[in-house]
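Here are some notes to keep beside you as you look through this model for the first time. Take them in order, with the structure open.

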Amino acid sequence: MKQSNNQYLQLCAAMVRTGILGYGGGPSVMPLFRYEAVTRYKWINDDEFGEILAIANALPGPIATKMAAYLGYKLKHTTGAILAIICHILPSCIAMIALLSAVSFLSTSKIVSGMIAAVMPVVAVMLGMMAYNFGEKSLKGLGIIMGIAGFIISFLLLQVINLNSGVVILLFLAYGSVHFRVISKWKKKEEKDKERSAAG
């Protein structure tokens with residue numbers, strides 16, 4: 001019972017932190033989610049986080065609430081999912097309501113502009129670190145040639161063709177499932193050929 005309550009407290013604390021410190025929208029909050037779920041509390045590992053992030057990106061709706069719901073559900077099922085979403089969005093909602101009357105002042109305030117400008121490099125570094133970790137894993141999983149080809153293709157689809165990111169993720173998920181099936185069959189065939197040559 002004590003451990004169960006402790007998990008609820010950890011979940012609430014983690015989601016409140018991601019809600020309060022999550023500047024810049026959904027994607028920029030992902031390093032915070034990763035830190036809480038993978039590094040701090042070890043609820044999931046990096047591979048699972050990457051998989052859930054890919055699936056969450058492919059689904060409609062805000063990515064941060066989807067990640068909060070998943071982590072909450074993984075820990076405490078439906079109750080955990082509801083609690084995680086509430087704890088994630090409540091701090092921002094309260095802050096928005098409280099500061100709504102001061103919007104006209106804050107939009108022209110040099111202090112607020114300076115605070116936002118100071119936070120942006122931190123967010124950029126966090127996103128860069130997460131992208132590097134995922135890139136390293138994809139190169140190990142797909143190989144250097146296929147990994148680099150995947151980076152180039154995704155860049156062209158997203159930046160040149162301006163294809164929706166959800167569509168790109170779905171395409172790569174479909175390719176990934178085919179890729180690993182083909183590789184698995186190829187390895188089995190190679191092993192059989194080796195066995196036959198050794199037997200002959």
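Predicted model: local features only at pLDDT ≥ 70, side-chain atom pairs only at ≥ 80, totals over all residues.

How many of the 15 residues of α2 are buried?

1. In α2, 11 of the 15 residues are buried, so the helix is largely enclosed by the rest of the structure. Among the buried ones you will find Gly26, Met30, Pro31, Leu32, Phe33 and Arg34. Glu36 belongs to that buried set too.

2. Next, the length of α2. The helix runs over residues 26-40, and at 1.5 Å a residue it should span 21 Å; the C-alpha atoms at its ends are 20 Å apart, which agrees. Beyond the helix comes lysine 42, which has a positive phi, near 55°.

3. Now compare helix α4, residues 63-99. A straight helix of 37 residues would span 54 Å at 1.5 Å a residue, but α4 spans only 24 Å between its end C-alpha atoms. Look at lysine 76 as you trace the helix: α4 bends there by about 145°.

4. Isoleucine 63 and serine 165 are 102 residues apart in sequence, yet their C-alpha atoms are 12 Å apart in space.

5. Glutamate 48 deserves a look as well; this residue lies in helix α3. Is glutamate 48 buried or exposed? With a relative accessibility of 19%, glutamate 48 counts as buried, since the limit is under 20%. Apart from neighbours within four places in sequence, glutamate 48 is in contact with Tyr70 and Lys74.

6. Finally, please turn to the largest pocket, which holds about 1600 Å³ of space. Its lining has 38 residues, and those nearest the centre of the pocket are Gly50, Ala54, Phe134, Ser138 and Phe172. Which helices supply at least two residues each to this lining? They are α2, α3 (46-58), α6 (110-142), α7 (144-160) and α8 (165-199). By class, the lining of the largest pocket is made up of 23 nonpolar, 11 polar and four charged residues.

Key
Residues numbered from 1 in each chain as written. Heavy atoms only, no water. Helix = DSSP H or I, 4+ residues; strand = E, 2+ residues; numbered from the N terminus. Expected span 1.5 Å × (residues − 1). Buried < 20%, exposed > 50% of the residue type's maximum accessible area, 1.4 Å probe, protein only. Bend = angle between axes of the 7 residues up to and from the residue. 1 Å grid on protein atoms, 1.4 Å probe; cavity = no way out; pocket = protein on both sides within 12 Å on 5 of 7 lines; lining within 4 Å. Points joined across faces, edges and corners; volume = space filled by probe spheres on them. Nonpolar A, V, L, I, M, F, W, Y, C, P; charged D, E, K, R; others polar. Contact = heavy atoms within 4.5 Å.
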